[in-house]
Amino acid sequence: MSQINALVDKGKEVLGWVDERFPLSSLYKEHLAEYYAPKNFNFWYFFGSLALLVLVNQIVTGIFLVMHYKPDASMNGAGIPVAFASVEYIMRDVPGGSFIRYLHSTGASAFFIVVYLHMFRGLLYGSYRKPRELVWLFGMGIFLCLMGEAFFGYLLPWGQMSGWGAQVIVNLFSAVPVIGPDLSVFIRGDFVVSDATLNRFFAFHVIAIPLVLLGLVSAHLIALHEVGSNNPDGVEIKKKKDARGIPIDGIPFHPYYTVKDIFGVSIFLIIFAAVVFFAPEGGGYFLEFNNFVPYDPMKTPPHIAPVWYFTPFYSMLRATTSDFLPALWALVVVVAGLSFVSCKNVWVRRLCALVAVGTYWGFFGLTVFGKTPALFDFDLLGVHFGKGLDAKFWGVAMMGGSVLLFAFLPWLDQSPVKSIRYKGGLYKTILSLFVVSFILLGILGTKAPGYAFFGVIPGEPVAAVCTLIYLCFFAFMPWYSRLDKTKPEPERVTWK
Amino acid sequence: MSNDKQDVPGGASFSCSCADTNRRQLLAATAVVGGAVGVGTAVPFVASFLPSERAKAAGAPVEVDISRLQPGEMMTVEWRGKPVWIVRRNKEMLESLKKSETMLADPGSSRSDQPSYIKGMARAIKDEYFVCVGICTHLGCSPTAKFVPGAESGIGDDWPGGFLCPCHGSRFDLSGRVFKSMPAPDNLVIPPHTYLSDTRLIIGEDTKGA
């Protein structure tokens with residue numbers, strides 16, 4: 001017994017030695033043992049820790065893949081691009097290689113599933129609301145980094161989808177007025193997607209973006225632990241504290257939520273492993289079949305679509321044609337008009353008028369809704385003043401803007417309550433429409449243009465309507481969140 | 001947590017009475033110079049993103065033998081890393097160009113990229129041989145040949161024959177002219193080219209000036 005006590009004393013001594021030099025114990029207390037999280041977390045609160053788990057999976061499997069992968073677009077002796085051949089080498093010849101690669105490729109899709117659910121949790125319970133605006137914005141930064149990682153990483157196997165996907169996305173930037181064409185050359189480092197492009201995308205994928213990502217994840221967690229977690233009731237547990245200053249409805253993260261999260265991790269890993277072992281290609285959605293063919297810059301495959309997690313935004317890009325612009329302008333005018341009426345500030349009012357007029361010119365130039373020839377035209381640096389900007393540019397702006405709209409949620413939501421539990425039917429209806437539209441856009445984005453649901457309902461008008469619903473969810477939120485008939489929030493969290 | 005603040009000696013009063021203005025000016029000056037050097041250092045890093053000298057030097061003209069190309073057939077050659085199509089159009093194909101005229105966004109190719117010696121609806125030096133860069137002017141996919149006209153093509157009863165881009169569905173006629181309200185804004189690009197003989201064509205070089 002005395003021996004054990006001696007050992008315990010020795011341990012305390014070592015810990016004391018460390019604590020005098022590094023805040024080990026206080027970090028442990030601050031972030032785990034004495035981080036008080038609301039006691040009413042439910043199923044939706046698994047996805048934050050799962051995202052962290054998938055991030056670790058991506059980093060570890062990525063390191064091992066880099067040991068065998070070669071970012072080289074030149075042809076090997078057999079006439080196959082070296083990069084493509086090195087991925088096949090990993091799949092066929094490296095011991096354990098196919099397992100590691102499938103963990104990485106399935107992990108990419110799992111990452112987006114987990115992050116979309118994590119973001120939806122935020123929508124349900126108003127987790128972006130004051131005082132968690134920065135938690136949400138750091139999260140948006142993480143989401144953008146993830147999209148970058150996915151895009152840059154997808155070029156590396158140098159298959160048909162890699163090459164043509166990169167070609168399309170980089171060409172999106174050429175739609176930017178004036179600097180566009182030079183910008184796309186600048187991104188590629190060549191006039192076509194080539195070895196230079198592959199090498200720089202590799203650098204971004206394996207080092208530049210992961211570093212930023214890790215920084216943002218740290219900032220996301222530090223900000224979260226500063227303000228404390230939200231919960232399914234959307235009420236602040238810090239308002240009610242006991243004599244020791246601990247929230248009455250809070251429980252220490254460790255051991256309570258570490259144990260709960262381990263349970264969540266187990267369920268997740270069962271599903272994840274099942275996919276990795278039995279359906280690593282995810283039916284062509286996780287690894288697209290055309291990507292098992294080496295990139296041929298002479299021939300686009302007959303059907304190309306981005307990987308599933310980009311398709312909702314890609315659908316909105318496709319929906320933004322010149323026929324769609326009048327509807328889009330009508331939406332801009334209604335939102336600008338509403339802002340004009342509801343805001344007394346003269347500068348805001350001027351801005352609203354400017355936005356309505358500016359977008360009209362941008363969409364249609366000096367024509368009547370693009371239906372008539374321009375009054376007159378002059379061309380400055382490739383911008384035609386009579387015709388406005390290309391629908392192609394607005395498609396790109398739509399794709400980027402539709403992602404960034406999420407960042408404004410903390411300020412758009414004016415509801416007196418945070419959680420869906422106390423919001424009214426109006427908000428619930430609009431949120432449901434938003435989710436349905438997002439999923440429909442996602443499905444349409446995987447299909448070829450001209451696709452019809454069940455062969456009868458044409459996809460293009462559906463995509464246009466869904467795009468409008470998606471935009472309206474954000475654009476009218478300041479008004480409908482006020483109109484919504486909410487229920488009173490409870491004083492303390494509800495918990496069974 | 002972060003609530004335990006300490007009283008720092010100095011604080012607001014530190015700045016006024018005992019400040020050494022000479023040292024402060026020196027600090028400010030060195031900070032400005034240091035910042036300028038920092039920005040200057042960024043230039044080569046940003047410049048390294050531009051196409052290298054080797055990439056710029058690539059893109060020599062390509063010689064093509066078209067003697068084996070049969071009427072109604074198409075061949076693809078690589079020029080500057082891009083596909084260049086040579087289509088030998090038969091009579092019906094050339095006829096179809098008139099039919100498509102009313103359905104096009106820019107039938108006269110007034111705002112499209114083509115050498116000055118390319119004119120008219122055939123957009124070719126010799127009407128029979130159509131040469132163009134097979135890259136869609138929307139987002140750079142390579143369109144697919146859909147030469148069979150009419151309903152059989154699966155595109156529509158009034159399809160005159162031409163090219164369909166698999167990525168976003170832009171349609172072009174057999175002179176690479178884009179149809180109305182398509183994602184692609186312009187007609188397909190015609191590269192500078194010239195005939196060395198009846199059966200030999202050089203792409204990327206012309207004698208008449210682009």
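Reader: Which kind of crossing does helix 6 of chain A make as it passes helix 9 of chain A?

Author: Helix 6 of chain A goes past helix 9 of chain A in a left-handed crossing. Keep in mind that this is a predicted model.

Reader: And what makes helix 6 and helix 9 of chain A roughly antiparallel?

Author: Look at the angle. Helix 6 (residues 133–155) and helix 9 (residues 195–227) of chain A pack at about 160°, and their axes are 8 Å apart. Angles over 145 degrees count as roughly antiparallel, so that's what we call helix 6 and helix 9 of chain A. Sorted by class, their contact has 21 nonpolar, seven polar and one charged residues.

Reader: Which residues of helix 12 meet helix 13 in chain A?

Author: From helix 12 of chain A they include Leu325(A), Trp329(A), Val333(A) and Phe340(A). Across from them, helix 13 of chain A brings residues including Arg349(A), Cys352(A), Tyr360(A) and Phe364(A). By class, the contact of helix 12 with helix 13 of chain A counts 15 nonpolar, two polar and one charged residues.

Reader: What makes you say helix 4 of chain A is largely enclosed by the rest of the structure?

Author: Count the buried residues. Eight of the 11 residues of helix 4 of chain A are buried, and therefore the helix is largely enclosed. Among the buried ones are Val82(A), Phe84(A), Ser86(A), Ile90(A) and Met91(A). The buried residues of helix 4 pack against helix 3 (47–66), helix 5 (97–125) and helix 9 of chain A.

Reader: Why is Glu88(A) called buried?

Author: Check its number against the cut-off. Glu88(A) has a relative accessible area of 17%, and buried means under 20%, so Glu88(A) qualifies. You'll find Glu88(A) in helix 4 (residues 82–92) of chain A. Leaving out residues up to four places away in sequence, Glu88(A) touches Asp93(A) and Phe292(A).

Reader: How do you know that Tyr480(A) counts as buried?

Author: Tyr480(A) comes out at 6% relative accessibility, and the limit for buried is under 20%, so Tyr480(A) counts as buried. Tyr480(A) sits in helix 18 (residues 477–483) of chain A. Not counting residues up to four places away in sequence, Tyr480(A) touches Leu426(A), Tyr427(A), Ile430(A), Cys472(A) and Phe473(A).

Reader: Why is Val178(A) called partly exposed?

Author: The value falls between two cut-offs. Val178(A) has 44% relative accessibility. Buried is under 20% and exposed is over 50%, so Val178(A) lands in between and counts as partly exposed. Val178(A) belongs to the loop between helix 7 (160–172) and helix 8 (180–188) of chain A.

Reader: What about phi of Ser109(B)?

Author: Ser109(B) is a residue other than glycine, and its phi is a positive value near 55°. Ser109(B) lies in the loop between helix 4 (91–100) and strand 4 (129–133) of chain B.

Reader: Which kind of peptide bond runs from Lys130(A) to Pro131(A)?

Author: A cis one: the bond from Lys130(A) to Pro131(A) has omega near 10°. Most peptide bonds are trans. Pro131(A) is in the loop between helix 5 and helix 6 of chain A.

Reader: And where is Pro255(A)?

Author: Pro255(A) is in helix 10 (residues 253–278) of chain A. The peptide bond from His254(A) to Pro255(A) is cis, and its omega is near 10°.

Reader: How is chain B divided into domains?

Author: Into domain 1 (3–47) and domain 2 (55–203). The C-alpha centres of domain 1 and domain 2 of chain B are 61 Å apart.

Terms used:
Residues are numbered from 1 along each chain as its sequence is written. Chains are lettered from A and ligands numbered from 1 in the order in which they are written. This is a predicted model: local features need pLDDT of at least 70, side-chain atom pairs count only at pLDDT 80 or more; totals for chains, interfaces and linings use all residues. Side-chain values use heavy atoms; hydrogens and water are left out. Helices (H or I, at least four residues) and strands (E, at least two) are DSSP runs, numbered from the N terminus. Buried means under 20% relative accessible area, exposed over 50%, partly exposed in between (1.4 Å probe, protein chains only). Contact means heavy atoms within 4.5 Å. Axes are lines fitted to C-alpha atoms, for helices over the stretch in contact, and angles run from 0 to 180 degrees between N-to-C directions. Angles under 35 degrees count as roughly parallel, over 145 as roughly antiparallel, 65 to 115 as roughly perpendicular and the rest as oblique. A crossing is left-handed if the near helix is turned anticlockwise from the far one by less than a right angle, and right-handed if clockwise. Ala, Val, Leu, Ile, Met, Phe, Trp, Tyr, Cys and Pro count as nonpolar, Asp, Glu, Lys and Arg as charged, and the others, Gly among them, as polar. Domain bounds come from an automatic or database domain assignment.
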